[in-house]
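Hello,

Here is the structure I said I would pass on. Please look through it first, and then read the notes below.

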Amino acid sequence: MACKKDTPTMPETLLVTGAAGQLGRLALDHLATIHRGPIVAGTRDPARLADLAARGIEARRLDFDDAASLAEGFRGVDRALIVSTDALGQPGRRLAQHRAAVEAAAKAGVRYLAYTSMPNPAPGSPVVFAGDHHGTEEAIRASGLPHTILRVSWYQENLLASLPGILASGVWASAAGDGRVAYVAREDAARAAAAALAMGPGVTGTLDVTGPRGWSVAEMAALLTRLLGRAIQVAALDDAALAAGLAAHGVPPVMVPVIVSFDRNTREGRMPAPTDVVARLTGTAPRTLEAFFESQKATFAAAA
Ligand SMILES: NC(=O)c1ccc[n+]([C@@H]2O[C@H](COP(=O)([O-])OP(=O)(O)OC[C@H]3O[C@@H](n4cnc5c(N)ncnc54)[C@H](OP(=O)(O)O)[C@@H]3O)[C@@H](O)[C@H]2O)c1
C-alpha cells in the first residue's frame, strides 16, 4: 500500500534557500549527512549546483525577488531553512525579500521554518541592518508556523577582511571598547542551522549561535601578538574617529557606517555571551578563535 506523503513514517522534504552561498552550501552538505529524506537546494541559479544531482539533491530555482519562483520553489517542502540574503545596498529590499519568502513558504504548506538572524536585532540596535532581521523574525512569528530563529554571531571569517591591514600596520583601531564578541566559525553556524532543520519542531525558539568564548579587541590583539611574535597595539577610538580612519584607508563609503555600527554594538554590550547551542545542536564543540587564527598563521605572518 502506498504511503501518503504526510504519514509520520515518511521522511520529510527539507529545503535550504541560498544554497549556492557559503553558509547555504555548507548547511546543505551537512544536512546530506544527517537527513535521510529528500533534500532540495533553493538558489537563484540552479546551474551553479549541478553537482548536487549526483547526491540525489534537487537544485531548484528560488529567488526571493521573483514571485513565480517562490510559489514553485516551496512546492512539496515540509521544512525550510531561510538563509538571509546579502541585499544590503538598497534599504528595505532585504526585508521585503524575506517577508516574501516567509509568506510563500506558508502559502505552499511548509510546516516549519528556520532562519539565520543576527544577535539581538530588536529596535534600539545600532547595527544598520538590524531592522531586516527583526522584521523577518516578526514575520516568521506572525506566520504561526513552528520555527527556530538562529541568531548567528559574527563569523570568525569576517576578521579576515581587516586583519591583513591591522597586521601590516601593527595597530588595531577600534571603537568597540571592552565589549566582547563570541565569533563563530561559518561552518559551525551552518552545521547548527542544518541540525535545527533536521530536528524541525523538536528544536523551536530563539537561539544565539556563538563560538565558545567572547573576545575583546585587546584580547585578540594579545592573542595575535603571541601567535606571530609581533606586537599588535590597540588604538581606542570614538565612532567619528573610527569612521574617518576607515574612510582614509579606502574602506568603501557604504561599509563605513556598517563597521562603525558593529563596534558601537559591541561596545554597548549587545553581543551575546557564549552559548552551548552549536555543541547542543551538532554534538560537536565549535571551533575556537585560537584554532582559527592558528589555521591562518601563514597568511597572517605574510601580512605582518
Ligand atoms: N554572521 C555574520 O558574520 C555574517 C556575515 C556575512 C553575511 N551574513 C549573512 O548571512 C548570510 C549567509 O552568509 P554567507 O557567508 O553564506 O553569505 P554569501 O556567501 O555572501 O551568500 C549570500 C546569500 O544571499 C543569497 N541571496 C542573494 N540574493 C538572493 C535572492 N534574491 N533570493 C534568495 N537568496 C538570495 C544567496 O543565495 P544564492 O546565491 O544561492 O541564490 C546566498 O545564499 C548572508 O547572506 C548575510 O545575510 C552573516
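**Notes on the sheet and the ligand**

In β5, Ala 114 stands opposite Leu 81. Leu 81 belongs to strand β4 (residues 79-82), and β4 pairs with strand β5 (residues 112-117) in the parallel sense over 4 bridges. Two strands count as paired if DSSP finds at least two bridges between them. Helices (H or I, at least four residues) and strands (E, at least two) are DSSP runs, numbered from the N terminus. From β4 the chain crosses through helix α3 (residues 93-108) to β5, a right-handed β-α-β crossover. Right-handed here says that, with the strands pointing away from the viewer, the path from the first strand over the helix to the second runs clockwise.

Two points on how to read this. The model is predicted, so local features need pLDDT of at least 70 and side-chain atom pairs count only at pLDDT 80 or more, while totals for chains, interfaces and linings use all residues. Residues are numbered from 1 along each chain as its sequence is written.

Back to β4: Arg 79 and Leu 81 point one way, Ala 80 and Ile 82 point the other way, and all are buried. A residue is buried if 20 or more other C-beta atoms lie within 10 Å of its own, exposed if 12 or fewer, and partly exposed in between, with C-beta atoms placed from the backbone. β4 also pairs with strand β1 (residues 14-16) in the parallel sense, over 3 bridges; Leu 15 stands opposite Ala 80 there.

What is the order of the strands in the whole sheet? The sheet is open and has 7 strands, in the order β3-β2-β1-β4-β5-β6-β8, with parallel pairing. β3 (58-61) and β8 (205-209) are at the edges with a single partner strand each, so one side of each has no neighbour in the sheet. From one strand to the next the twist averages 20°.

Tyr 115 stands opposite Ile 149 in β6. Helix α1 packs on the sheet and touches β1, β2 (39-43), β4 and β5; its direction makes about 155° with that of β1. Contact requires C-beta atoms, placed from the backbone, within 7 Å. Axes are lines fitted to C-alpha atoms, for helices over the stretch in contact, and angles run from 0 to 180 degrees between N-to-C directions.

Is β2 enclosed or open, and why? 5 of the 5 residues of β2 are buried, so β2 is largely enclosed by the rest of the structure. Ile 39, Ala 41 and Thr 43 lie on one side and Val 40 and Gly 42 on the other. β1 and β2 pair in the parallel sense over 3 bridges, and Val 16 has Ala 41 as its bridge partner in β2.

Last, the ligand. It is surrounded by 25 residues, the closest being Gly 18, Ala 20, Gly 21, Leu 23 and Thr 43; a residue is near if its C-beta atom, placed from the backbone, lies within 6 Å. Helix α1 (residues 22-34) gives the most to this shell, with 3 residues. The shell divides into 9 nonpolar, 11 polar and 5 charged residues. Ala, Val, Leu, Ile, Met, Phe, Trp, Tyr, Cys and Pro count as nonpolar, Asp, Glu, Lys and Arg as charged, and the others, Gly among them, as polar.

Regards

Conventions: Two residues are in contact if their C-beta atoms, placed from the backbone, lie within 7 Å.
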